[in-house]
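Hi there,

Here is the structure I promised to pass on to you.

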Amino acid sequence: MDILFSSEITVLGVGNTILSDEGFGVRVVEYLRENYEFPEKVQLIDGGTLGVELIHFIEGTKKLLIIDSIDGGAEPGKFFHLRDDEILKHFTQKISAHETGIQDVLTMLEVTGKKIPRVELLGAQPYSLEAGTELTPEMKKLLPVFAEKALEILKTWY
């Protein structure tokens with residue numbers, strides 16, 4: 001699917017794809033793109049580790065679903081679902097470049113009066129952050145599970 005600027009709904013996968021499970025959000029978006037079709041009002045974005053540059057892709061969207069690996073100090077594979085202000089609170093405790101970038105983007109949109117009305121984040125505790133371009137087998141098994149969770153959210157947004 002082509003990137004459409006200012007789509008009504010944006011699914012944003014973030015993460016570093018050269019650190020195994022850190023790239024989970026990007027891999028979920030790839031999985032969604034390969035296995036499902038979406039209405040034109042939905043854009044799927046591989047945000048990788050872009051950071052503040054993401055503002056150009058999500059500004060004007062009304063509903064944003066972020067998918068990411070989350071180090072919440074939990075058991076590997078644990079599912080996280082954060083909404084709106086919970087997301088900024090989560091990112092204030094994180095130090096990775098893409099998470100800081102998302103926090104900056106959401107904050108910039110808010111202070112300029114362009115806050116995204118609805119933001120949700122789906123995440124999973126990574127099994128490994130070792131160098132490598134493949135997800136661990138355990139994290140790969142979560143791809144269809146997270147795709148279904150994303151679809152459940154998106155269906156309530158159409």
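This is a predicted model: local features need pLDDT of at least 70, side-chain atom pairs count only at pLDDT 80 or more; totals for chains, interfaces and linings use all residues.

**What I found**

At 23% relative accessibility, Asn 16 counts as partly exposed. Asn 16 sits in the loop that links strand S1 (9–14) to H1. Apart from residues up to four places away in sequence, Asn 16 touches Glu 22, Gly 23 and Thr 49. Its C-alpha is 8.1 Å from that of Val 26, a residue 10 places away in sequence.

The loop between S1 and H1 also holds Ser 20. Is Ser 20 buried or exposed? With a relative accessibility of 6%, Ser 20 counts as buried, because the cut-off for buried is under 20%. The backbone of Ser 20 is worth a look too: its phi is near 40°, a positive value in a residue other than glycine. Most residues other than glycine have a negative phi.

**The chain as a whole**

Stepping back, the protein chain has 5 helices and 5 strands. Read from the N terminus, the order of the elements is β-α-β-α-β-β-α-α-β-α. The chain has 158 residues, and 48% of them count as buried. If you take the contacts between residues at least 6 apart in sequence, 78% join residues at least 24 apart.

**Strand S1 and the segment before it**

Val 11 is part of strand S1. At 0% relative accessibility, Val 11 counts as buried. Which residues does Val 11 contact, leaving aside its neighbours within four places in sequence? They are Val 29, Leu 32, Val 42, Gln 43, Leu 44, Ile 45, Leu 65, Ile 67 and Leu 154. One of these, Leu 65, is 54 residues away from Val 11 along the chain, yet their C-alpha atoms are separated by 4.7 Å.

Glu 8 belongs to the segment before S1. Its relative accessibility is 34%, and Glu 8 counts as partly exposed. Beyond its neighbours within four places in sequence, Glu 8 is in contact with Lys 41, Thr 61, Lys 62, Lys 63 and Trp 157.

**Where H1 meets H5**

Next, have a look at helix H1 (residues 24–35) and helix H5 (residues 137–157), which pack at an angle of about 65° with their axes 9 Å apart. The crossing of H1 past H5 is right-handed. From H1, the contact uses Phe 24, Arg 27, Val 28, Tyr 31 and Leu 32. H5 contributes Met 139, Leu 142, Leu 143, Pro 144, Phe 146, Ala 147, Ala 150 and Leu 151. Sorted by class, this contact of H1 with H5 has 12 nonpolar, no polar and 1 charged residues.

Phe 146 is buried, with a relative accessible area of 1%. Setting aside neighbours within four places in sequence, Phe 146 is in contact with Phe 24, Val 28, Phe 79, Leu 122, Gly 123 and Ala 124. Phe 146 and Phe 24 are 122 residues apart in sequence, while their C-alpha atoms are 9.9 Å apart in space.

Rolling a probe the size of a water molecule over the atoms shows where empty space is left. How many cavities of 30 Å³ or more does the count come to? The count is 1 cavity, and the largest cavity has a volume of about 110 Å³. The residues that line the largest cavity are Asp 84, Asp 85, Leu 88, Leu 106, Glu 110, Lys 115, Ile 116 and Val 119. By class, that lining has 4 nonpolar, no polar and 4 charged residues. Helix H3 (85–91) and helix H4 (97–111) each supply at least two residues of the lining.

Asp 84, one of the lining residues, lies in the loop between strand S4 (79–83) and H3. At 28% relative accessibility, Asp 84 counts as partly exposed. Its phi is near 45°, a positive value in a residue other than glycine.

Definitions and conventions
Residues are numbered from 1 along each chain as its sequence is written. Side-chain values use heavy atoms; hydrogens and water are left out. On a 1 Å grid over the protein atoms alone, a cavity is a set of points where a 1.4 Å probe fits but cannot get out, and a pocket is an open set with protein on both sides within 12 Å along at least five of seven lines; lining residues have an atom within 4 Å of a point. Grid points are joined across faces, edges and corners, and a volume is the space filled by probe spheres set on the points. Helices (H or I, at least four residues) and strands (E, at least two) are DSSP runs, numbered from the N terminus. Ala, Val, Leu, Ile, Met, Phe, Trp, Tyr, Cys and Pro count as nonpolar, Asp, Glu, Lys and Arg as charged, and the others, Gly among them, as polar. Axes are lines fitted to C-alpha atoms, for helices over the stretch in contact, and angles run from 0 to 180 degrees between N-to-C directions. A crossing is left-handed if the near helix is turned anticlockwise from the far one by less than a right angle, and right-handed if clockwise. Contact means heavy atoms within 4.5 Å. Buried means under 20% relative accessible area, exposed over 50%, partly exposed in between (1.4 Å probe, protein chains only).
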